[in-house]
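This report describes one protein model in plain terms. Please look over the sequence and the structure below before reading on.

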Amino acid sequence: MGFLSKATVSIVGLGSKAILNGYCSSVTVNGLENLVRALESDERANGRGIVTSESRVWTMSVALNEQMRRLDDPVAWGVLPARFYRNSRMTRWTLGASDIMFTNPVFSTFFRLGQVIETFRGNGIYQPAIDTAIEKLNRGDWIHLFGEGKVNQESSDPNSPNAARLLRFKWGIGRIMMEAQKPPVIIPMWLTGFDKLMPEGRSFPYKFLPKPGVALSVTFGEPVPPQSIQEALNTLVRERRLPDASHASSGGLQDPSRPSEEKRSGVISEQGWLGEPVTEAAGTRQQGVEMEQQAQESAEEIMRVRSAVTAVIQREVEALGRRVLGKL
C-alpha cells in the first residue's frame, strides 16, 4: 500500500501541476514558504503536527459527477515542490465524505491511496475518522481541513456582500485541535478562481475538463501563534463568554452517550496543549449537585470551549480572506 499510495499521490500531484501550468492564464502563489517551512521542521519528529484550513469554492454538481469536478483539492497542491509527492509525510491527509468519495470499490481505493480519510456525515465528531485525524496529528502528520464542510462560493467573490464571510466551521476542527497533545502549526489558506475552473452548464465532454484561461491564486497565511489561541480561550473562560453550544450539534446532549464522550474528550484535552482553559472551564460547574448533573454541566462547558476553539480558527481564515480579496 505504501508504494501504491506514493504512486497515486505523485500521479495526481504531477497532473495538478500540468493543469496549473497548461490550463490557467495565471497562477499566483503567496506564502508557500510558510507551509514548506512547517513541513521541513524538525519539530514534526517530536509529534508537532500541521493543520491547514480553508473554505471550499468549487462548483457544486450532481453526485455522479462530483468526484470529477472537485479540483480545489488536489489541484491547489500542484504548487508544492514535486519531490514532496514521494513522501507521505510531506503531503496532506484530509477528510472525505463517504457518500461522495467512497461510493464504489474503485473510488474507495483511489481516495484511500490518495490519503483521504472516510468520514460519515451525520455521525458527529465522535467517529473513527476524527479519531484517525487526531492520531495522525499527534504523530506530526499534516491534516488539511475544509472548515465549512460544504460549498460557499460567495465567500471568494470580492464583489459579494458575503466576501470573506464563511459559514460556521464544523466542530470536528475544535475536537482535533483540543486533543492535539502539542500545539500544531496552524496555517490558514485562501483560494480564488477555483470555482471557475470547472463551471457548470458545459456540454460533454467539456464538463469533465478544466476550463482554460482561468486565473487562480493560492495564499498561505502566516502560522497562527498558539499563544493567541490560548490567550483568547483563557479570556473567554475567565469572563464566562464561551458560546452556548449545547444544542447546536447532531444529537447534542440528548444523546445518552454524549456526556460520557465529552468527559473522555475533556480528560484528553486537559492533558494537551489547551489543557489550562479546558480544565478551568470544566471546573466552573456548580458544587453540591448530583453526579449526573455535574457530568452534564461539565460536558456543556467542554462543548463551549470546543466551539470557541473552532471560532478562533475560522476567524483566522476569514482574516486572510479579507486581505486577499482586498488586494483583488
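Thr192 is buried, since its relative accessible area is 8%; buried means under 20% relative accessible area, exposed means over 50%, and partly exposed lies in between (1.4 Å probe, protein chains only). Thr192 belongs to strand β6, which covers residues 185–192. Its side chain makes a polar contact of 2.4 Å with the side chain of Ser217. A polar contact is a pair of N or O atoms within 3.5 Å; within protein, one atom must be able to donate a hydrogen and the other to accept it, and residues adjacent in sequence count only if both atoms are side-chain atoms.

The model is predicted: local features need pLDDT of at least 70, and side-chain atom pairs count only at pLDDT 80 or more, while totals for chains, interfaces and linings use all residues. Residues are numbered from 1 along each chain as its sequence is written, and side-chain values use heavy atoms, with hydrogens and water left out.

**Overall picture**

The protein has twelve helices and seven strands. Helices (H or I, at least four residues) and strands (E, at least two) are DSSP runs, numbered from the N terminus. The protein has 328 residues, and 54% of them count as buried. Its accessible surface comes to about 15200 Å², and carbon and sulfur atoms account for 54% of that surface. These areas come from the Shrake-Rupley method with a 1.4 Å probe; for residues, only the protein chains shown count as cover. Among contacts between residues at least 6 apart in sequence, 76% join residues at least 24 apart, where contact means heavy atoms within 4.5 Å.

**The nonpolar cores**

A nonpolar core is a set of buried Ala, Val, Leu, Ile, Met, Phe, Trp, Tyr and Cys residues joined through side-chain atoms within 4.5 Å. Which residues of the largest core touch the most other members? They are Met177, Trp190, Ile229 and Leu274, in a core of 41 residues. At least two residues of this core come from each of α7 (128–138), β5 (142–151), α8 (171–178), β6, α9 (226–238), α11 (275–282) and α12. The largest share, ten residues, is supplied by α12. A second, separate core has 29 residues, including Cys24, Val79, Met189 and Phe220.

Ile313 lies in helix α12, residues 291–327, and is buried because its relative accessibility is 3%. Leaving aside neighbours within four places in sequence, Ile313 is in contact with Ser53, Phe169, Ile173, Met177, Ile186 and Ile229. Ile313 and Met177 are 136 residues apart along the chain, yet their C-alpha atoms are separated by 9.5 Å. Ile229, in turn, touches Ile186, Val224, Trp273, Leu274, Val312 and Ile313, not counting residues up to four places away in sequence.

Helix α2 (residues 32–39) is mostly covered, with six of its eight residues buried. These are Leu32, Asn34, Leu35, Val36, Ala38 and Leu39.

**Charged and polar side chains**

A salt bridge is a side-chain nitrogen of Lys or Arg within 4 Å of a carboxyl oxygen of Asp or Glu. By this rule there are eleven salt bridges, among them those in the table.

| Salt bridge | N to O distance |
|---|---|
| Glu179 and Arg175 | 2.9 Å |
| Arg315 and Glu316 | 3.7 Å |
| Asp195 and Lys196 | 3.8 Å |

Are Glu179 and Arg175 buried or exposed? Glu179 is buried because its relative accessible area is 3%, and Arg175 is buried because its value is 1%. Both belong to a network of salt bridges that also links Asp131. Asp195 counts as buried at 15% relative accessibility. Arg315 is partly exposed at 42%, and Glu316 is partly exposed at 22%.

Asp73 is found in helix α4, residues 72–75, and is buried with a relative accessible area of 11%. The side chain of Asp73 makes polar contacts with the side chains of Trp77 (2.9 Å) and Arg92 (3.0 Å).

Tyr23 lies in the loop between α1 (2–22) and β1 (24–30). Tyr23 counts as partly exposed because its relative accessibility is 31%. Together with Tyr206 and Leu209, Tyr23 forms a nonpolar patch on the surface, with about 290 Å² of accessible area. Patches are made of residues with over 30% relative accessible area and no salt bridge: like charges are joined within 9 Å, and nonpolar side chains (Val, Leu, Ile, Met, Phe, Trp, Tyr) within 5 Å.
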